[in-house]
Amino acid sequence: MASPAFANAVIQSANGFVQIGINDDGSLNASTSAGYIGIGYNFSGQGGRSGFNDALTPGCPCEAWGVSANGVGGQVGQSNGNAGISVANSSAGTSNNASGGAVSSFTSNTSLAAISGLTVTQTYSAATATATGALFKNVVTIHNGTGAALSDVRYARAMDWDVPPTEFQEYVTHVGTGTTTTLLHSTDNGFAFADPVTATGDVGIVGPNNADGTTGPADHGSLFVFGFGGLADGADYTFNIFYGAGADKADALALLGGVSPELYSLGQSSLGGSRRDDLPTFVFGFSGVGGSVVVNTPEPASIALIGAGLLGLGLVRRRRG
C-alpha cells in the first residue's frame, strides 16, 4: 500500500475567519504542531475570545466517519481510532493561482478492509463564503469496485460540538431529519462510534434523537447514519458534507442558503445561560442525501459564492516524517 502523500491539511478561508483541519483518512481534527484543528472561527472579542477558537477539539478530538455494506463495516476517527479503514493515499489539490501560493482542495482515498474494492474518496474544498464566515465542502464518493453488487450501503458521520466560549455546554440544533429519505438514524452523540452497522443503535445523550429540534446546554454533538440501498458493481454514490462557521446564527444560515442543504446541525454557545444567536455559530450539513432543501437561498448580493478568486485558500501541510 502506498504511503499517504500528506499526513493532514489545514485549509483556511481567504477572509481569515474560518479554518478546517483534515487527516489523511478523511476525518477532521488534524494533528499539527499547533495542536488539533477541527473547525475554527477567528474571534475578535466576541464572548471575551480572540484569535482562532476551535469548536471540535477541546477535551478530545471526537469526530468520526464510517462506511458499511453487506452488513459489515468500519470507522475511523482521531479519538475512537481506526477499525477496518485502510488509507490508500491523500494529496493536496492543484494550485488555484499563478504563483502556486494557494491550494484548492485536499483528497483522501480510503477503503473498507473487510470488502476488497469498496472505496471512499473524500475531497475537501471551498464551498461558499460571506464577509464574516465560510463553509467548506467534502464531496464523498462511495465506489463499488468489488466485481459484484453490494447491498445495504451505509455511511455515518459523528462530531462532538465544543462551541467557544462555552466549550462542553453548547446548544445543538438539528434540521431536516424528518425529510431526508436516506437518513436511518440520528442522535446528539458526537462521541459515537461511527461504524454504520452498530451506530443505528446509538441512544444519544439528551436528544434530539431522530427528530428536529434544539437541545442543551450540554456536552453533545451530532450523529447521522445514512442508508443508500444497493450499489451495482462499478457504480458510485456521491453526496456532500459541509463544515464551517458564521459570525452569528443569521450569518450561518446565509452560508447554508448558498449550498442548499437537506440536513444540518448547528452548534451554538450558551454564554449567559441561553442560546446565543449573536455569537459565532458552527455548521455541519449535508446535500445529495435524498431530502428537501431546508434553507432558502438568500439574495445573491448577500452571499459571495466561490468562483474566480472570490475565495482563496491557504493550506498548511505536514509531511509524514
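Modeller: Let's start with a rule: two strands pair if DSSP finds at least two bridges between them. Strands are DSSP runs of E with at least two residues, helices are runs of H or I with at least four, and both are numbered from the N terminus. The model is a predicted one, where local features need pLDDT of at least 70, side-chain atom pairs count only at pLDDT 80 or more, and totals for chains, interfaces and linings use all residues. Residues are numbered from 1 along each chain as its sequence is written, and side-chain values use heavy atoms, leaving out hydrogens and water.

Biologist: Thanks! How many helices and strands does the chain have?

Modeller: The chain has 2 helices and 22 strands. Five of the strands, in the order S8-S7-S13-S17-S15, form an open sheet with antiparallel pairing.

Biologist: Why do S8 and S15 stand at the edges?

Modeller: Strand S8 (72–77) and strand S15 (183–187) each have a single partner strand, so one side of each lacks a neighbour in the sheet.

Biologist: How do you know that S7 and S8 pair?

Modeller: The rule asks for at least two bridges, and S7 (residues 63–69) and S8 have 6, in the antiparallel sense. Within this pairing, tryptophan 65 stands opposite valine 76 in S8.

Biologist: What makes cysteine 60 and cysteine 62 a disulfide?

Modeller: The cut-off is a pair of cysteine sulfur atoms within 2.5 Å. Here the S to S distance is 1.8 Å, so cysteine 60 and cysteine 62 count as joined. A search of the whole structure finds 1 disulfide.

Biologist: Why is this disulfide called left-handed?

Modeller: Its torsion about the S-S bond is about -120 degrees, so the disulfide of cysteine 60 and cysteine 62 is left-handed.

Biologist: Are these cysteines buried or exposed?

Modeller: Both cysteine 60 and cysteine 62 are buried. Buried means under 20% relative accessible area, exposed over 50%, and partly exposed in between, using a 1.4 Å probe and protein chains only. Of the 321 residues in the chain, 55% are buried.

Biologist: What is the mean pLDDT of the chain?

Modeller: pLDDT is the predictor's confidence in each residue, from 0 to 100. The chain's mean is 88, and 86% of its residues reach 70 or more. Over residues 299–312, however, the pLDDT is below 50. Residues 1–5 also stay under 50.

Biologist: How should I treat places where pLDDT is low, and what should not be read in detail?

Modeller: Where pLDDT is low, the predicted coordinates should not be read in detail.

Notes
Contact means heavy atoms within 4.5 Å.
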